[in-house]
Amino acid sequence: MKLRYYMDERNDPIISTYAAARLLKFNFNLLNSWPLAVTAYNFGPTGMKKEKEKLKTDNLAEIIKRSTNRRLGFA
């Protein structure tokens, strides 16, 4: 998306929707789980992948329960 002093495409509902869909698709391809992909939208895909690998599960409820990362509970 383009961000200039005279134009901010984040405010365009169509462009920002497509950008969000691309990010969710990237997250899903990385994590192979929709609940993790949606959580990674706010938490970040790299952090979500690290938590998944550290705890050896892709169950979101289990990751939230067992994680020591305080940011994850907020995301």
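In this predicted model, helix H2 is followed by Gly44, a residue whose phi is positive, near 110°. Helix H2 itself spans residues 34–43, and helix H3, at residues 45–55, has an axis that comes within 7 Å of that of H2 and crosses it at roughly 130°. That angle makes H2 oblique to H3, since angles over 145 degrees would be needed for a roughly antiparallel pair and 65 to 115 for a roughly perpendicular one.

Where the two helices meet, Leu36, Thr39, Ala40 and Phe43 are contributed by H2, and Pro45, Gly47, Met48, Glu51 and Lys52 by H3. By residue type, this contact of H2 with H3 is made up of five nonpolar, two polar and two charged residues.

The buried residues of H2 are Leu36, Ala37, Thr39, Ala40 and Phe43. Because these residues cover an arc of only 170° around the axis, they are placed on the same side of H2. The cover over them includes helix H1 (13–31), H3, helix H4 (60–66) and helix H5 (70–74).

In H3, burial is found at Met48, Glu51 and Leu55. Viewed down the axis of H3, these buried residues fall within an arc of 60°, and they therefore line one face of the helix. An α-helix has 3.6 residues a turn, so residues three or four places apart point the same way. On the other side of H3, by contrast, Thr46 and Lys50 are exposed. The buried residues of H3 are covered by elements including H1, H2, H4 and H5, and H3 is followed by Lys56, whose phi is positive, near 55°.

Conventions
Residues are numbered from 1 along each chain as its sequence is written. This is a predicted model: local features need pLDDT of at least 70, side-chain atom pairs count only at pLDDT 80 or more; totals for chains, interfaces and linings use all residues. Side-chain values use heavy atoms; hydrogens and water are left out. Axes are lines fitted to C-alpha atoms, for helices over the stretch in contact, and angles run from 0 to 180 degrees between N-to-C directions. Helices (H or I, at least four residues) and strands (E, at least two) are DSSP runs, numbered from the N terminus. Angles under 35 degrees count as roughly parallel, over 145 as roughly antiparallel, 65 to 115 as roughly perpendicular and the rest as oblique. Contact means heavy atoms within 4.5 Å. Ala, Val, Leu, Ile, Met, Phe, Trp, Tyr, Cys and Pro count as nonpolar, Asp, Glu, Lys and Arg as charged, and the others, Gly among them, as polar. Buried means under 20% relative accessible area, exposed over 50%, partly exposed in between (1.4 Å probe, protein chains only). The arc is that of the directions from the helix axis to the C-beta atoms.
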